[in-house]
Amino acid sequence: MLTNEENELLCRVEGDAPMGQLMRNFWIPICLSEEVSEPDGDPVHARILGEDLVVFRDTEGRVGVMDEYCPHRRVSLVYGRNEDCGLRCLYHGWKMDVEGTVIEMVSEPAASTMAEKVKHKAYKVQEWAGLIWAFMGDQARIPAFVPPPWAPEKSAKVSIAKVLIPCNWAQILEGAIDSAHSSSLHSSDFVPARVGGAEATEKNWLRPSTDKAPRMQVHRTEYGFRYAAIRRPITNAAQTDYVRSTVFVAPGTVLIPPNNLYNVANVNVPMDDTNSVFYFIAWGDRATTPDTETWRKFLGTSIGSDLDDQYRPLRNVDNRFWQDRQAMKAGNFTGIKGFPNQDIAMWVTMGPIADRSNDRLGASDLAIVEFRRQMLEAVQEFSRGQPAIGTGDKQILPSVCSFQAIVPKTVDWRDFEAKPVYGAGSGPQLESNYETTA
């Protein structure tokens, strides 16, 4: 458990909150590229770390991420005109380009030099792997953009489901790194089978174990930690273990053990103290990674049927997440369609910010304990002037990945040679190709 003070330090991200200031030292996903796919298309709203932003793609295809509110009279620019390489405010016609330069002030006299004295807040932007990224920290000290470990090169196929969730980022992150819950909460979707490792089908994921109480082991790193959930396999349990190794990359990325066809990850971005953006990602070989719509349908996160056009879930507390009690009586464990929706129901019912002072943690919560300890230490060190966790020469190496495998008991999972899944056992392996478009 945590004290109330520790919980506040871990969870709060708005304004001058230390955790939010730490997170500003990373390139942060702002929205999906598909949300601003059209030059001169509709601007969109994004809220990140308690800050309201407007995102737009200009006439030449460049993307801008700026303060939502016009520097003149603080009117929302989401309603503005996106035209001729700039975003024009409806109120008085001021127009800003993607860098925040005021290029027109039609309400001012022609001889006025006022535009030269005004600079609108805009962030440096990078587009990569289907996301618009921005660096929201010190704009005079912007680090080079490094592709995330779940999309290390352009040739990888990436499919992303996005969901806006009305709760704090940390309880979502804790759910993502909690391997033990999958054997219960997702037991109707992660089905035990006599297979050689985790396998994906059109309806569910198979795994070679019935063990609901894995042994947990953690290996701390400078970028976060790796941990293993070790279960008894269905076959040859005397000589082997079924190991699922997850990687936490601070501050908000989790590399989830893959299946036989593609890799899995999620990224958790705080909108503010009590709302978060959850990105659930499949990536890998183009031949075996599902396309975006197939991925979203599989997860139960399709726009229109599962989410509204703002990526907010149609399932919620008021309608009990569309839980089907008849399906539960027939054998479905939760009665909730789509395993991310099962997770969301758990996260949201903890409240806007989970009260960790009342937790009763057990042996299966080792990764949860490590996450809390490490991030509290990281934010305290950052507040004392140390670099943010996992930045600079302490960032994750491209060779690090999650894995799942049946491993001989004589092999330490920390030494197990793992590579990302890239095709069904064939094709090139992803290495450290860090070419960017920055």
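Visitor: How many Å apart do the C-alpha centres of domain 1 and domain 2 lie?

Guide: Keep in mind that this is a predicted model. The protein chain is divided into domain 1, covering 25-133, and domain 2, covering 155-413. Between the C-alpha centres of these two domains, the separation is 34 Å.

Visitor: What is the area buried between domain 1 and domain 2?

Guide: Let's begin with who touches whom: 17 residues of domain 1 are in contact with 17 residues of domain 2. Carbon and sulfur atoms give 65% of the area buried between the two domains, and that area is about 1,300 Å².

Visitor: Which residues in domain 1 lose the most area to domain 2?

Guide: There are three to look for, and together they make up 38% of what the domain 1 side buries. They are Phe26, Leu32 and Arg47.

Visitor: With which residue does Arg47 form a salt bridge?

Guide: Between domain 1 and domain 2 the count is three salt bridges. In the one formed by Arg47, the closest N and O atoms are 2.8 Å apart. The partner of Arg47 there is Asp272.

Visitor: Which element gives the most to the side of domain 1 that touches domain 2?

Guide: Two elements give two or more residues to that side of domain 1: β1 (27-32) and β2 (44-48). The one that gives the most, with five residues, is β1.

Visitor: How many residues on that side of domain 1 are nonpolar?

Guide: The residues of domain 1 that touch domain 2 include four charged and three polar ones. The nonpolar residues on that side number ten.

Definitions and conventions: Residues are numbered from 1 along each chain as its sequence is written. This is a predicted model: local features need pLDDT of at least 70, side-chain atom pairs count only at pLDDT 80 or more; totals for chains, interfaces and linings use all residues. Side-chain values use heavy atoms; hydrogens and water are left out. Domain bounds come from an automatic or database domain assignment. Contact means heavy atoms within 4.5 Å. Buried area is the accessible area (1.4 Å probe) that two parts lose on being put together, summed over both. A salt bridge is a side-chain nitrogen of Lys or Arg within 4 Å of a carboxyl oxygen of Asp or Glu. Helices (H or I, at least four residues) and strands (E, at least two) are DSSP runs, numbered from the N terminus. Ala, Val, Leu, Ile, Met, Phe, Trp, Tyr, Cys and Pro count as nonpolar, Asp, Glu, Lys and Arg as charged, and the others, Gly among them, as polar.
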